[in-house]
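Okay, thanks everyone, I'll keep this short.

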Amino acid sequence: MNRFDNKQTTLLSRTELRTVKGQILYWCLFAILVIVAGVTLFPCIWMVLNAFKTPREIAAGNTFIPENFSLKSAIEQILYAWDMLEMERSIVNTLFLSLTKCAITVLCSGFAGYVLSKRRQKGMGVVFTLVVWTMMMPGSVRTVSTYLSYLSFPFIIDDGFDSVTNVNVLNTYIPFWVSAAAGSFTLILFKNAFDAIPNTLVDAARIDGCSNVRIFFQLMLPLAKPTVFYVMMGALSGPWSDYFTPYLLLSDKSKYTVPAWLFVIESKTGVTQNVYMMGLIFASIPPAILYLFFQRRMSGGIMIGAVKG
Amino acid sequence: MKKKGLGKLKSGLVAWLLLLPALIAIYLMVWRPQVMGIALSFFKLKGYSVQEFCGLDNYIRVLSSKNFPLALKNTLLYVFWSFTLGFLPPLLVAFFINEMVHFKNGFKTLIYLPALMPGITVMLLWKFMYSANSSGLLNMILAKFGMDPYGWLNHPNTVILMLVIEMTWCGFPGTMFLYYTTLQGIQMELYEAAMIDGAGPIGRFIHVSIPQMGGLLALNIVNQIIGVFQVMNEPLVMTGGGPNGASMSVSYLLYRYAFLEGKVGDSLALGTIIFLILMVATCFYFYLNKKVEENL
């Protein structure tokens with residue numbers, strides 16, 4: 001049991017773990033965690049197994065593991081489900097939307113955070129307070145009024161609800177992009193991350209003749225990497241989980257994203273429950289890949305040794 | 001001297017220009033619709049077009065309909081259940097994982113899994129699990145014990161509890177992780193000092209861990225209440241507000257009014273009412289946040 005000797009003192013310490021009572025307690029906690037992990041895993045396993053059953057087998061519901069399972073039949077079922085679900089279009093849409101939203105978020109919120117942190121002008125204190133309040137305002141109650149505002153969205157000038165210059169932006173991606181730029185929480189995240197970068201670095205860059213844009217891309221973003229990656233992951237994975245906005249705003253189904261598409265094809269002919277389960281698995285893969293890619297990059301500081309003396 | 005002044009003006013202008021896109025977007029997406037929503041809630045609307053000023057008619061209609069008290073009661077039930085189910089499990093699991101010397105990373109990864117799935121996938125998966133016929137996972141388990149299939153989402157008294165179980169299942173890993181990282185930040189010396197003073201595991205839990213994360217806990221509870229108060233997706237996807245309105249939340253009622261029943265004016269009035277309720281909660285959150293930060 002030498003693993004216990006290296007344990008950090010928390011609620012259970014080394015000395016307590018040497019006693020029988022401590023051992024019993026420790027393994028009880030271990031057993032509880034095994035149960036919790038089982039509860040979180042069980043539905044996922046069931047989802048995967050059901051995807052490989054036949055519709056009749058699912059309806060009968062008396063087998064947990066699919067009968068007649070083989071690698072060949074599994075591949076056949078994956079290909080069959082792919083044909084039935086017709087997700088190609090929605091996958092392309094979601095990819096396009098997540099990439100553009102990510103770029104817009106980093107540029108708009110990032111530049112705003114940079115200005116509020118390092119280029120503060122007179123009057124920007126008020127702006128910052130407004131942004132903080134914006135963040136705290138509940139979003140769900142605005143669903144209907146934002147929908148109304150999309151019906152006549154102001155361009156160039158805003159002179160009221162029924163103006164001639166206003167355009168109906170429903171059934172386009174414009175609301176998605178504008179809302180990506182309106183992230184008050186990401187703006188504050190960026191500002192806080194940039195606040196941690198010493199002003200002396202920025203001043204040095206300015207004396208060397210760097211423009212704001214260059215300071216932002218070559219100094220601020222690299223030095224605030226964990227935050228940048230965190231924001232990027234949020235923006236990239238957003239369209240893969242939000243079914244409601246596309247479902248509400250887009251009337252043209254060829255513009256739907258994957259979650260909205262999944263939500264509406266439940267009643268489509270040929271989409272039996274096993275096919276549908278396969279669709280749920282397909283939809284879970286991209287966010288999982290994003291998480292695996294960004295997970296390690298989101299933590300860890302990088303400020304060491306940037307300013308000497 | 002003059003050039004310097006001009007340069008300063010120019011750099012100030014550039015700063016404002018860089019800030020502008022975000023500000024315009026926030027205006028268009030948050031402030032403008034918010035103000036418009038409140039203003040139009042006093043107007044009569046036909047479809048989505050504005051007719052004439054009608055004073056408090058919309059509000060009176062919303063408050064006097066039998067849907068509103070029902071939805072409010074249901075929403076409070078959502079909040080109650082999600083608090084009862086959702087408060088302790090993530091906290092305890094975070095503590096337990098922090099104690100582990102075996103399979104620690106394995107537990108972290110496995111338990112975090114539901115948080116990786118898109119929300120819509122989780123809702124649809126649970127809808128199938130709750131299925132009233134023998135194909136649902138829960139009825140499969142019942143059948144193993146020789147019991148008849150049960151309509152998990154068909155009983156008015158338990159439907160909200162069932163939805164909250166789903167919400168907790170996909171929401172608790174994130175909260176657990178937040179608690180876990182805070183626990184990791186507590187210095188070992190504090191525990192050791194408490195141990196020298198004779199505190200056992202429970203004593204250290206009460207005198208070291210809880211004071212160290214008390215602020216975060218309080219904030220998280222208020223945040224969770226504000227979040228659950230706005231619940232809309234679960235009733236929309238899993239039950240459609242049914243059976244017989246038993247799982248209808250205020251946000252879902254808002255959606256119903258505006259997009260299914262064509263009562264846009266009512267829905268704007270309801271939105272304003274919810275907004276006022278939530279702003280009170282939010283102000284309390286701000287107040288608490290300030291208190292917590294002062295104590296750090």
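So, chain A has 15 helices and zero strands. Its radius of gyration is 26 Å, well over the 19 Å you'd get from the globule rule for 309 residues, so chain A is more spread out than a compact globule. And keep in mind that this is a predicted model.

If you want the box, the C-alpha atoms of chain A fill roughly 70 × 70 × 35 Å along the principal axes. How much of chain A is buried? Buried residues come to 36% of the 309. On the contact side, take the pairs in chain A that sit at least 6 apart in sequence: 69% of those contacts join residues at least 24 apart.

Over to chain B for a moment. The domain assignment there gives domain 1, residues 2–40, and domain 2, residues 57–295. The C-alpha centres of those two domains of chain B are 37 Å apart.

Now the helix pair, which goes across the two chains. Helix α2 of chain A, residues 20–51, packs with helix α5 of chain B, residues 104–116, at an angle of about 40 degrees, and their axes are 8 Å apart. That angle makes α2(A) oblique to α5(B). As for the handedness, the crossing of α2(A) and α5(B) is left-handed.

Which residues meet there? From α2(A) you've got L33(A), V36(A), A37(A), T40(A), L41(A) and C44(A), and they meet F107(B), L110(B), I111(B), L113(B) and P114(B) from α5(B).

That's my bit, over to you.

Definitions and conventions: Residues are numbered from 1 along each chain as its sequence is written. Chains are lettered from A and ligands numbered from 1 in the order in which they are written. This is a predicted model: local features need pLDDT of at least 70, side-chain atom pairs count only at pLDDT 80 or more; totals for chains, interfaces and linings use all residues. Helices (H or I, at least four residues) and strands (E, at least two) are DSSP runs, numbered from the N terminus. The radius of gyration is taken over C-alpha atoms; the globule rule is 2.2 Å times the number of residues to the power 0.38. A residue is buried if 20 or more other C-beta atoms lie within 10 Å of its own, exposed if 12 or fewer, and partly exposed in between; C-beta atoms are placed from the backbone. Two residues are in contact if their C-beta atoms, placed from the backbone, lie within 7 Å. Domain bounds come from an automatic or database domain assignment. Axes are lines fitted to C-alpha atoms, for helices over the stretch in contact, and angles run from 0 to 180 degrees between N-to-C directions. Angles under 35 degrees count as roughly parallel, over 145 as roughly antiparallel, 65 to 115 as roughly perpendicular and the rest as oblique. A crossing is left-handed if the near helix is turned anticlockwise from the far one by less than a right angle, and right-handed if clockwise.
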